[in-house]
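Subject: Structure handover

Hello,

Here is the structure for you to look over. My notes follow below it.

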Amino acid sequence: MARRPENILYGVEDTLPRGTLLLLSIQHIFLMSSTLVLPVVLVREIGGGFDQIRSVVALTMIACGIGTILQAMRWRGIGSGFLCPNLCGPNFFGACAQAAWAGGLPLMQGMTVFAGVVEVVFARIAHRIAFLFPPEVTGLVVLMVAEGLITLGVSKFFGVNYASEPVQPLDLLVACLTLAVMVAVGVRPTGRLRLYGALIGLVSGYLLSIVTGILGHDQWRHIVEAPALALPHFEGMFQFSFQWSMAPLFIIVSLCGALKTYGNLILCEKINDDDWKQSDPARIQGGLMADGLCVVASGLLGGMASDTAASNVALSSATGATSRRIGFGAGFLFILLGFSPKLSGILSIMPRPVMGAILIYVTCFMIFSGLSIIMASKLDPRKTFSIGIALIFGLSVDFLPTLYANFPKVLQPIFSSSLVLATVLAILLNQSLSWATRTGTRQ
Amino acid sequence: MKILFSKWTVGLLLASGLLLLLGQLRPKETSSDIGDYEYESTRQLVTFVDKASAKVHREGTNAFADFRKTGGDWFKPDAALYLFVYDTNGLCVFHPVEPGLQGRNILDLQDIDGRHEIRGIVGVKSSGWVHFRWMPPGGIFPLWKSCYVERTRGPDGRTYLVGAGLYNMKPERVFVRDAVDHAVALIQRDGDKAYDQLRDSSNGLTFRDNYIFVMTPEGTALVDPAFPNSRLRNLTNIRDVDGRLVVQEILQRLQRQTDAWVMFMWPMPGDVHPSKRIVYARKVQLGGSTVIVGSDYPAPTPIWMKM
């Protein structure tokens, strides 16, 4: 029997007054919106127009809303029954961008559905292969996911789209000011204002972009002309394609997402139970299943893959409101926003320097999260070598991209992604060094 | 009084001042439509020539004094960026890097491959691009240079061609579309006699590693860049590195429309990694038959994309 911590005002199964429920739900959707920049960047980079960007953002919001509701449920093995909202997953971004770049949105959708199915399968066997992912490997995976966002964030920050292009001073100025606002709000030691650092930064960035002319009349015209309510759709939204060469990358990022969700669900259990000793396998399995189904839904609908949000779980702990009813409320509101082209359109015209600033802001948290997971695992020489070697060779893919060009084609999916190579090496080294250590100890 | 000096008021005033300052930094509008260009360096070059052309239109040859000032807005030797001006007969009116050319008619000047670049410049109707290989200032070997040229009339009533170029520019979608449109115009004017001109790499339509191809709707090559002397190769079974039947996709698309942009993956010259390339193809009626004219270019790859 769980013992409710003293700081929790509204526990998992508690009912809230309607007004409080609405306000707490709105608070969560602000945080859930913080990564909606990712589908905007993705569709814009493959040459998508305003309507397509707006639709992909709206469909991503709907999928995240569905995922948040599924996670709060406990029905036939689906859902953990916790407030653990979904947002557009940063760890999926690199893989989705590569798929969209190579084969357009149909390939991204097909590969996203595949990633979701992988997570559903993982949910069924998670308890059997959990030994492959000790905390230090999970931390490395989170770190490499963050590393994958650096090039995108920094290039947007400087206003540079292509190699050898000139830095845009105005973009750089707006990006610096936007990031400064987010950091200034984020470093406040007290007060609820710091919960809204990303949102305040976004608003400041939009205002600065309007004043500097980066955000022009043409873009606002799209918002004004957009209907208040409409069904999100784009041409070919139900077309799907698949490429085997991309499967390893999507398997890895899917497992990354599953591992992250695993950690978030453990966190949910901990903050709701002062006597927590070990995880509830049925709850974890249901949570992973809900997350996998949400990824499948993202792919089927035409949105970008989603993931559970550690920031929202932390918010529920900080506010003392962990009721799963907030999950239902936030999920419902997010779906509702998806049907408002005016509101999703505002996110679709996000200026380049604002994207850069917010990506750097989000990446800071991910890097710190990855490092802290690694460091918390009480490093010994075995872990140092398995993580260190994996990190070095993983980063070498980005530092020396042509180094692995002549490797056999069958191995290329592993050696063309820093995330995949680092993960594969970390698992192999961790297992082989563990085996060697055990053998040595017996002798 | 206290509220006037509160930190919120001071913050608000500072923010307002900053916003006003930023408003002054807003980029000036240009009359050219630069939205078609993908690269910022291309947009900057077009804007540069556009402003220079407007200056020549207003001031005529008096503008050249400003164009000649080293390190000024119009002449940046470090970036190999300078303006040149020709008249419609190929007479060099202004050239800050090689002043010896000024006053000479160099209409028949050719680059290392035999391209008549001055004829290309003089042939620009209102504005356009000319590509050739040219020596950078202080250089030893010629490099690919792409020049944007605008035709303008000075206050003296003379017509000038004002241009500037950049070395090793990245190919733009506009370049390949212009090349195919030119090739189509040639075929429509000269019929299949134009094919010999299209096979000649000095025709002015070939830029870096892109070539013009012509084929029948059945996929039989009429102008085949890989085999200039062959006319019978069937291209329908050509696959890219991912196994995509590129020519078949072009032919299928052109059954429904008059032009098509089709993506495929192929390594760039000197690279082993496949890159995304885009082929542009147009369907042309030639007498009673149909031919397909096209060319390709490397798709712009974002700096952050790991491919």
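Start with A:Glu119. Leaving out residues up to four places away in sequence, A:Glu119 touches A:Ser254, A:Gly257, A:Ala258, A:Leu288, A:Asp291, A:Gly292 and A:Val295. Contact here means C-beta atoms, placed from the backbone, within 7 Å. A:Glu119 sits in helix 4 (residues 90–129) of chain A. Helices are DSSP runs of H or I with at least four residues, strands are runs of E with at least two, and both are numbered from the N terminus. A:Glu119 counts as buried because it has 27 C-beta neighbours inside 10 Å. The cut-offs: 20 or more other C-beta atoms within 10 Å is buried, 12 or fewer is exposed, and in between is partly exposed.

A word on conventions. This is a predicted model, where local features need pLDDT of at least 70 and side-chain atom pairs count only at pLDDT 80 or more, while totals for chains, interfaces and linings use all residues. Residues are numbered from 1 along each chain as its sequence is written, and chains are lettered from A and ligands numbered from 1 in the order in which they are written.

Next, a helix pair. Helix 5 of chain A and helix 9 (residues 247–272) of chain A pack at about 120 degrees, with axes 10 Å apart. Axes are lines fitted to C-alpha atoms over the stretch in contact, and angles run from 0 to 180 degrees between N-to-C directions. The two helices are therefore oblique to each other (under 35 degrees is roughly parallel, over 145 roughly antiparallel, 65 to 115 roughly perpendicular, the rest oblique). A:Thr138, A:Val141, A:Val142 and A:Val145 in helix 5 meet A:Cys256, A:Leu259, A:Lys260 and A:Gly263 in helix 9.

Two loop residues have a positive phi without being glycine. A:Ser164 has a phi of about 70 degrees. It lies between helix 5 (135–157) and helix 6 (169–186) of chain A. A:Ser164 counts as exposed, with 12 C-beta neighbours inside 10 Å. B:Asn168 has a phi of about 50 degrees. It lies between strand 5 (159–167) and helix 5 (173–190) of chain B. B:Asn168 is exposed too, with 11 such neighbours.

Last, confidence. The model scores ipTM 0.76 and pTM 0.76. Chain B has a mean pLDDT of 84, and 88% of its residues reach 70 or more. pLDDT is the predictor's confidence in each residue, from 0 to 100.

Best wishes

Methods:
Two residues are in contact if their C-beta atoms, placed from the backbone, lie within 7 Å.
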